[in-house]
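Please brief me on this model.

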Amino acid sequence: MDFFYKPPVQRPDECAALEENYVNCLMQKALKDRVMNNKCVLDSILWFHLECPKAIAKFDDPDIFKMKFRDFFAHQKLDAQILYEVPEHMEKLRAEYDTNSSPDDVRFKPIAEEFRLAFKAHDPKRVPDEEEGDIIEGPFDEQVPIEDREYSAPRAAPSLTIDDSLKFGGSAPKFQ
């Protein structure tokens with residue numbers, strides 16, 4: 001526990017969050033708590049007074065108080081406009097993509113037809129794979145006991161000489 005006085009930190013990010021909570025609380029209390037969800041944290045009001053004395057002092061001036069509430073209402077209005085007033089191009093996008101499509105909703109697109117015609121020879125439904133090559137078929141999940149397993153003989157290592165050393169960047173002189 002510290003016995004010495006610590007001045008308020010007044011961090012801008014913390015003061016901004018505490019100020020937003022303070023304005024939300026003032027608004028909520030002005031509406032007599034008749035709101036859909038409670039955004040007011042009363043403990044944070046105390047912290048706003050203790051940690052941000054310069055920011056709370058601005059609320060004492062009536063002009064700045066009005067300006068802060070005007071900004072609060074402007075942000076609220078902007079958020080509502082973003083949610084409820086959708087531009088025309090966004091409505092077109094929503095009409096085309098924001099649905100659970102059924103088979104009847106599938107629309108023909110000429111660009112897709114050009115692609116289908118260009119790659120008709122590679123369509124796996126029309127031209128099945130006839131090559132039986134590298135595909136290994138067999139029971140992969142059966143466990144073979146260790147004594148019954150078959151292994152190939154290990155590969156012999158190539159013999160290297162001093163002449164080969166020079167090929168790989170070696171600088172050893174020939175032994176005489």
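**Briefing**

F69 is buried, at a relative accessible area of 13%. Here buried means under 20% relative accessible area, exposed means over 50%, and partly exposed lies in between (1.4 Å probe, protein chains only). This is a predicted model, in which local features need pLDDT of at least 70 and side-chain atom pairs count only at pLDDT 80 or more, while totals for chains, interfaces and linings use all residues. Residues are numbered from 1 along each chain as its sequence is written, and side-chain values use heavy atoms, with hydrogens and water left out.

**Overall make-up**

- The chain has 7 helices and 0 strands. Helices (H or I, at least four residues) and strands (E, at least two) are DSSP runs, numbered from the N terminus.
- Read from the N terminus, the order of elements is α-α-α-α-α-α-α.
- The chain has 176 residues, and 12% of them count as buried.
- Among contacts with a separation of 6 or more, 51% join residues 24 or more positions apart. Contact means heavy atoms within 4.5 Å.
- Accessible areas come from the Shrake-Rupley method with a 1.4 Å probe; for residues, only the protein chains shown count as cover.

**Aromatic pairs**

- Rings of Phe, Tyr and Trp (its six-membered ring) pair if their centres lie within 6.5 Å; planes under 30 degrees apart count as stacked, over 60 as edge-to-face and the rest as tilted.
- By this rule there are 9 aromatic pairs.
- F48 and F59 are edge-to-face, because their ring centres are 6.2 Å apart and their planes stand at 85°.
- F48 sits in helix α2 and F59 in the loop between α3 (53–57) and α4 (62–84), so this pair ties together parts 11 residues apart in sequence.
- F48 is buried at 0% relative accessibility. F59 is buried too, at 9%.
- F65 and F69 make a tilted pair, with 5.1 Å between centres and 50° between planes.
- Both F65 and F69 belong to helix α4, 4 residues apart, or about one turn of the helix.
- F65 is partly exposed at 31% relative accessible area, whereas F69 is buried at 13%.
- Ring pairs join Y22, F48, F59, F65, F69, F72 and F73 into a cluster.

**Salt bridges**

- The whole structure holds 7 salt bridges. The rule asks for a side-chain nitrogen of Lys or Arg within 4 Å of a carboxyl oxygen of Asp or Glu.
- K68 and E19 form one of them, with their closest N and O atoms 2.7 Å apart.
- K68 lies in helix α4 and E19 in helix α1, so the bridge ties together parts 49 residues apart in sequence.
- K68 and E19 are both buried.
- R94 and E91 form a salt bridge at 3.5 Å, N to O. They are 3 residues apart in helix α5 (residues 88–97), about one helical turn.
- R94 is partly exposed at 39% relative accessible area, and E91 is partly exposed at 38%.
- E113 and R116 form a salt bridge at 2.8 Å, N to O. They are 3 residues apart in helix α6 (residues 110–118), about one helical turn.
- E113 is partly exposed at 23% relative accessibility, and R116 is partly exposed at 44%.

**Q28 and its contacts**

- Q28 is in helix α1 (residues 12–30). Q28 is buried, at 6% relative accessible area.
- The Q28 side chain reaches the backbone nitrogen of K39 at 3.3 Å.
- Leaving aside neighbours within four places in sequence, Q28 contacts D33, V35, N38, K39 and C40.

**Positive phi values**

- Q10 is a residue other than glycine with a positive phi, near 55°. Q10 lies in the segment before α1 and is partly exposed at 28% relative accessible area.
- K32 is also a residue other than glycine with a positive phi, near 55°. K32 lies in the loop between α1 and α2 and is exposed at 62% relative accessible area.

**Nonpolar surface patch**

- L46, W47 and L50 make a nonpolar surface patch of about 330 Å². Patches are made of residues with over 30% relative accessible area and no salt bridge: like charges are joined within 9 Å, nonpolar side chains (Val, Leu, Ile, Met, Phe, Trp, Tyr) within 5 Å.
- L50 is in helix α2 (residues 42–51). L50 is partly exposed, at 46% relative accessibility.

How values were computed: A polar contact is a pair of N or O atoms within 3.5 Å; within protein, one must be able to donate a hydrogen and the other to accept it, and residues adjacent in sequence count only if both atoms are side-chain atoms.
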